[in-house]
Amino acid sequence: MSVQDFALASEAAARRRWGATAALAALVVLLALISLGIGPVRLSPLTVTEALFGGATDVAQVIVREIRLPRTILAFAIGGILGLSGAALQGLLRNPLASPSLFGAPQSAAFGAVLVISLGLADVRSYALPVVAIIAAFGSVFALLAIAGRNAGLLILILAGLAISSFAGAATALVMNLSSNPFVVLEIAFWLLGSLEDRSFQHVALALPFIVAGAMILLSQASAFRALTLGEEAAQSLGVDVGRLRLLVITGVALGVGGAVAVTGTIGFIGLVAPHLMRPVIGHDPARLLVPSALAGSALLLAADIAVRIIPSTSDIKVGVLTSIIGVPFFLYLIMRERRALGGGVA
Amino acid sequence: MNVCSDQLVLSLADPDQILGLSRFSRDAWQSWAADKARNYPRLSGEAEDVLVLKPDIVVVSLFDKRATRELLKANGLHLVEFTVPRTLDEVKAQIREMGDVVQHPDRAASVIARLDAAIARARAAASGRHYRALPLERRGFVSGEASLVNSLLREVGLTNAAGELGIGAGGFASLEAIVKLRPDFILVAEAGDRAEDDGRAFLLHPALQRFYPPDKRIVLPERLTVCGGVMLADALDKLTAELQRVTR
């Protein structure tokens, strides 16, 4: 292949990447609009648009601006940060099975939040909730990477992740039993399933700053992920401080996931699925994968949240349940595909 | 054995007739007679401690655990079962029945007279205008047609808006549907704006706060409405007072 051919090929690849990213962004916008248009009260698209910009009746305005808009914003932001966290962890560990939910981060964040709720330490709409959730998420990811060590194989990571999420689950159940609030068991059982229902701008204000901070930290490390694909030593020789990178990624993931979990409960598997959907289109460069994965995460969560409102059911389906129902078979499929690598890890 | 039968027993029996009360008897949130209940042993809700006490009569609700009830019966205890009342007439019948059980029908009659007086007061104060109110609990649960709350609302001249939401006996209403329905008032169990969990945060959602600030919220504590008994007289008086506050 001549230099010219190579240049042409990479130009074509770049075009495809931009095309895919733009298409994805358009999809996210479309889904966000649908999400604003759907709810238990039927409003025409025209009414929704008017209400959004301050027209229509005050009832329609409240429904669209104070009930649906926060929900849509949260689905967009949380889906995005989950996709981004997944892509970042996969880049950091050079491992396609890495994702926040397999590492027990949301479960641990949930434990932190449940601790605050069930002990009645603070109003559920105060900043205590995300802060404690973030600390718990940070602790869990940090512990996982410390236990698994630097060049951990898939198997060790997954086993350690399983152990941490089971531990967080058990701790959550224990805290629930110690609570004095008689409704707490039911409340938390619902909450752990993950839901975006009836959230308000108070919740947006609670989660968004942390999600944005987490996203900025993760995005700023894009070039380091790329260097890391050459191996840790090569990356180090290119001037990447791997220890610092790890710490930054853990912080970014903890901020994002903790902030998200604090307002919606645990929503799993978006971080695992989103980067995989993008890899065939974008290629394997972890730096280029970050933004498309975030967009794919947003699209997935928006779509899932629309689906739970459309699927007819007697009581509301929780969006976290839906993402797990889709995510777990996907995870099993990935394990099947990676079976050889996993088997090799044991031998 | 049950927080509702506790309160009936407490209001009608002599102190030495009561061997023990239910697990939740001292919960001031649920029980109107929580203070009084502190003078009596609290049972675990299981069969063991009841068997040890060897009571002549065990008052249970049909909502208590079936296995526990069966076990007590099998051990030769005399069980009196009460259902959950849904109308004021059913409440009065239960008070009468409990009066017979504890052998103080005279006290039962005076309690019923107190209740009747409260009903008469409520009806007299009921306004001519037919306001629509929605009894709203945590997570958006709405009590419908067949509930005590519904009977109370009717006595003070309010219409339960649950029917317009298509809710029969009781069920969950979405925030959007409530905002669209715009009942005149919502009936809640407590004022205040602290959300100790998500269920409570529902009632404090900005969309709901906008249309239902405190002067559109009728506050009726849960301990006055969960059970049937004397406390319903207080509930009616409180409801009348609240209605006067919000319609002023």
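Predicted model: local features only at pLDDT ≥ 70, side-chain atom pairs only at ≥ 80, totals over all residues.

User: Which sheet includes β5 and β3 of chain B, and in what order do its strands lie?

Analyst: It is an open sheet of 4 strands in chain B, with the order β5-β3-β7-β8 and parallel pairing.

User: Why are β5 and β8 of chain B called edge strands?

Analyst: β5 (159-160) and β8 (217-219) of chain B each pair on one side only. Helix α11 (residues 231-247) of chain B lies across β7 (185-188) and β8 of chain B, and runs at about 155° to β8(B).

User: What is known of the pairing of β1 and β2 in chain B?

Analyst: Strand β1 (residues 57-61) and strand β2 (residues 78-82) of chain B pair in the parallel sense over 5 bridges. V58(B) has L79(B) as its bridge partner in β2(B), and S61(B) has F82(B).

User: What kind of crossover links β1(B) to β2(B)?

Analyst: The chain passes from β1(B) through helix α4 (residues 66-74) of chain B to β2(B), which forms a right-handed β-α-β crossover. The term right-handed applies because, with the strands pointing away from the viewer, the path from the first strand over the helix to the second runs clockwise.

User: Why is helix α1 of chain B described as largely enclosed?

Analyst: A residue is buried if 20 or more other C-beta atoms lie within 10 Å of its own. In helix α1 (residues 3-12) of chain B, 10 of the 10 residues are buried, so the helix is largely enclosed by the rest of the structure. Among them are V3(B), L8(B) and L12(B). The buried residues of α1(B) pack against α2 (34-37), β1, β2, α5 (88-101), α6 (105-125) and α11 of chain B.

User: How do you know whether A77(A) is buried or exposed?

Analyst: A77(A) has 24 C-beta neighbours inside 10 Å; the cut-off for a buried residue is 20 or more. A77(A) therefore counts as buried. This residue is placed in helix α3 of chain A. Leaving aside residues up to four places away in sequence, A77(A) touches A207(A), L208(A) and I211(A).

User: How is chain B divided, and how many residues of each domain take part in the contact?

Analyst: Chain B is divided into domain 1 (3-83) and domain 2 (125-247). The contact takes 10 residues from domain 1 of chain B and 9 residues from domain 2 of chain B. The side of domain 1 of chain B that touches domain 2 of chain B has 6 nonpolar, 4 polar and no charged residues. Taken over C-alpha atoms, the centres of the two domains of chain B are separated by 30 Å.

User: What makes up the side of chain A that touches chain B?

Analyst: In all, 23 residues of chain A are in contact with 21 residues of chain B. On the side of chain A that touches chain B, α3 (58-93), α7 (184-192) and α8 (201-220) of chain A each supply at least two residues. α3(A) gives the most, with 5 residues. By class, this side of chain A has 12 nonpolar, 6 polar and 5 charged residues.

Conventions: Residues numbered from 1 in each chain as written. Chains lettered and ligands numbered in written order. Contact = placed C-beta atoms within 7 Å. Nonpolar A, V, L, I, M, F, W, Y, C, P; charged D, E, K, R; others polar. Domains from an automatic or database assignment. Pairing = 2+ DSSP bridges. Axes fitted to C-alpha atoms, helices over the stretch in contact; angles between N-to-C directions. Buried ≥ 20, exposed ≤ 12 C-beta atoms within 10 Å, placed from the backbone.
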